[in-house]
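I opened this notebook to record what I looked up in the structure, entry by entry.

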Amino acid sequence: MAGTNQRQTVDRRVNTSEGHYVRWEISVRDLHLLRSWHFVKNYRTFCKTSPTSWDFKMWFPEVREDGTASLSVSLTRIDSVNVDLEASIWVDIDNLEENLIFPKQSFTKGGMAPGSEMQETVEIVPLPNMRAAIHQNVIVLVTLTISSCHSSE
Ligand SMILES: [Zn+2]
């Protein structure tokens, strides 16, 4: 377990009555050191009605000394199944005691056809008294939900 930026990812996949979600839990040593960091994942829903496939990417274009940061997410649909879907992304950034370091972030886009892309960049500011936490162990929790693929009919 050597290395300053050693990280682990835990995947949890769940199917619900209306869609599918996956949760990624990424542990990083120091957010401030990760300015060139990219987290990249592919997610396939294996839906029985409309199986879809997605490329997800998350990165921090900037993490400043005062703890403020830019967070970017991008999601691209890469299958060709003829159905429009809704995708949501939630991002929580916690310390090891499960306290939020930044306010929870969420992004949603509907009508995502094959080839559609969602891309967002937001400025995030640490919660009160959490500025120093970005220099310690940080857990980034990402939940990606794909819905309306099999809810009716
Ligand atoms: Zn489905």
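**Entry 1. Local backbone of Asn129**

I began with Asn129, which I found in the loop between strand 8 and strand 9. The model I am reading is a predicted one. I noted that Asn129 is not a glycine, yet its phi is positive, at about 70°. I recalled that most residues other than glycine have a negative phi.

Phe46 has a positive phi, near 55°, and is a residue other than glycine. With 11 other C-beta atoms within 10 Å, Phe46 is exposed.

**Entry 2. Confidence**

I checked how far the model can be read. The chain has an average pLDDT of 90, and 93% of the residues score at least 70. Among the elements of the chain, I found the highest mean pLDDT in strand 8, at 98, and the lowest in strand 1 (residues 8-15), at 79. Over residues 1-6 the pLDDT stays under 50, and for this stretch the model has 9 contacts beyond four places in sequence.

**Entry 3. Overall layout**

I counted the elements next: the chain has 9 strands and 0 helices. Along the sequence, the pattern reads β-β-β-β-β-β-β-β-β. The C-alpha trace spans about 50 × 30 × 25 Å along its principal axes. I compared the radius of gyration with that of a compact globule: for 153 residues the latter would be near 15 Å, and the 16 Å of the chain agrees with it. Of the 153 residues, 24% count as buried. I also took the contacts between residues at least 6 apart in sequence, and 63% of these join residues at least 24 apart.

In what order do the 4 strands of the open sheet stand? I read the order as 3-4-5-8, with antiparallel pairing. Strand 3 (38-44) and strand 8 are at the edges with a single partner strand each, so one side of each has no neighbour in the sheet. On average, neighbouring strands of this sheet are turned by 15° against each other, direction ignored.

I then examined two of the pairings. Strand 3 and strand 4 run antiparallel and are joined by 7 bridges; Val40 stands opposite Lys57 in strand 4. Strand 5 and strand 8 also run antiparallel, joined by 8 bridges, and here Leu75 stands opposite Met118 in strand 8.

**Entry 4. The nonpolar core**

The largest nonpolar core has 29 residues, and Leu31, Val91 and Val138 have the most contacts inside it. At least two residues of this core come from each of strand 4 (53-63), strand 5 (69-77), strand 6 (85-95) and strand 9 (138-147). I recalled that nonpolar side chains tend to be buried together in soluble globular proteins.

I listed the partners of Val138 beyond four places in sequence: Val28, Leu31, Ile93, Asn95 and Ile101.

Leu71 belongs to strand 5. I counted Leu71 as buried because it has 21 C-beta neighbours inside 10 Å, where burial requires 20 or more. Beyond four places in sequence, Leu71 touches Phe60, Val91, Gln105, Val122 and Ile124. Leu71 and Val91 are 20 residues apart in sequence, with 9.7 Å from C-alpha to C-alpha.

Asp94 belongs to strand 6. With 20 C-beta neighbours inside 10 Å, Asp94 also counts as buried. Which residues does Asp94 contact, leaving aside neighbours within four places in sequence? I found Asn99, Leu100, Ile101, Ile139 and Leu141. Asp94 and Leu141 are 47 residues apart along the chain, and their C-alpha atoms are separated by 7.8 Å.

Notes: Residues numbered from 1 in each chain as written. Predicted model: local features only at pLDDT ≥ 70, side-chain atom pairs only at ≥ 80, totals over all residues. Core = buried A, V, L, I, M, F, W, Y, C linked by C-beta atoms within 7 Å. Buried ≥ 20, exposed ≤ 12 C-beta atoms within 10 Å, placed from the backbone. Contact = placed C-beta atoms within 7 Å. Pairing = 2+ DSSP bridges. Rg over C-alpha atoms; globule rule 2.2 N^0.38 Å. Axes fitted to C-alpha atoms, helices over the stretch in contact; angles between N-to-C directions. pLDDT = per-residue confidence, 0-100.
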